[in-house]
Amino acid sequence: MGAMEQRRIGIEQEFLLVDGEGAPSDRADEFLARCWEAAGEENLSPVSFVGEVSRSMVEINTPPARTVADLTEAYLTSLNLALRAGGELDVRLYPLSTYP
């Protein structure tokens, strides 16, 4: 197996949680708890959802993948779960790597 065949790729993306007005929402703990619960219900890994540097920021990670197709599937599955969790809590995910 060559070096290129052994490589894997992953995604780590930070999101700012915002309320309906677009203001930062300090509900990361509640949001993450809902993501972890939903991940367990759907046989997904809860470690894909982690807190960040503030209570209004969260991160979605993917496990290492061998193909872009596998990476895409893992990321979209986790993103859809996070969007549903946010909808249940009435918070939105704004993709941003630093606090405004």
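**Salt bridges, pair by pair**

Okay, let's start with Asp90, which counts as exposed at 52% relative accessibility. Bear in mind that this is a predicted model. The side chain of Asp90 meets that of Arg92 in a salt bridge, 3.8 Å from N to O. Arg92 itself counts as partly exposed, with 42% relative accessibility.

As a bit of background, side chains of opposite charge can pair when their charged atoms come close.

I'll just walk you through a couple more.

Next up, Glu42 and Arg84. Their side chains meet in a salt bridge at 2.4 Å, N to O. This pair links distant parts of the chain: Glu42 is in the loop between α2 and β2, Arg84 is in helix α3, residues 68–89, and the two are 42 residues apart. How accessible are they? Glu42 is partly exposed, with a relative accessible area of 36%, and Arg84 is partly exposed too, at 40%.

Now over to helix α2, residues 28–41, where both Arg34 and Glu37 lie, 3 residues apart, or about one turn of the helix. Their side chains form a salt bridge as well, at 3.4 Å from N to O. Buried or exposed, what is Arg34? Arg34 is buried, because its relative accessible area is 18% and the cut-off for buried is under 20%. Glu37, on the other hand, is partly exposed at 45%.

And that pair belongs to a network: salt bridges link Arg34, Glu37, Glu41 and Glu88.

How values were computed: Residues are numbered from 1 along each chain as its sequence is written. This is a predicted model: local features need pLDDT of at least 70, side-chain atom pairs count only at pLDDT 80 or more; totals for chains, interfaces and linings use all residues. Side-chain values use heavy atoms; hydrogens and water are left out. A salt bridge is a side-chain nitrogen of Lys or Arg within 4 Å of a carboxyl oxygen of Asp or Glu. Helices (H or I, at least four residues) and strands (E, at least two) are DSSP runs, numbered from the N terminus. Buried means under 20% relative accessible area, exposed over 50%, partly exposed in between (1.4 Å probe, protein chains only).
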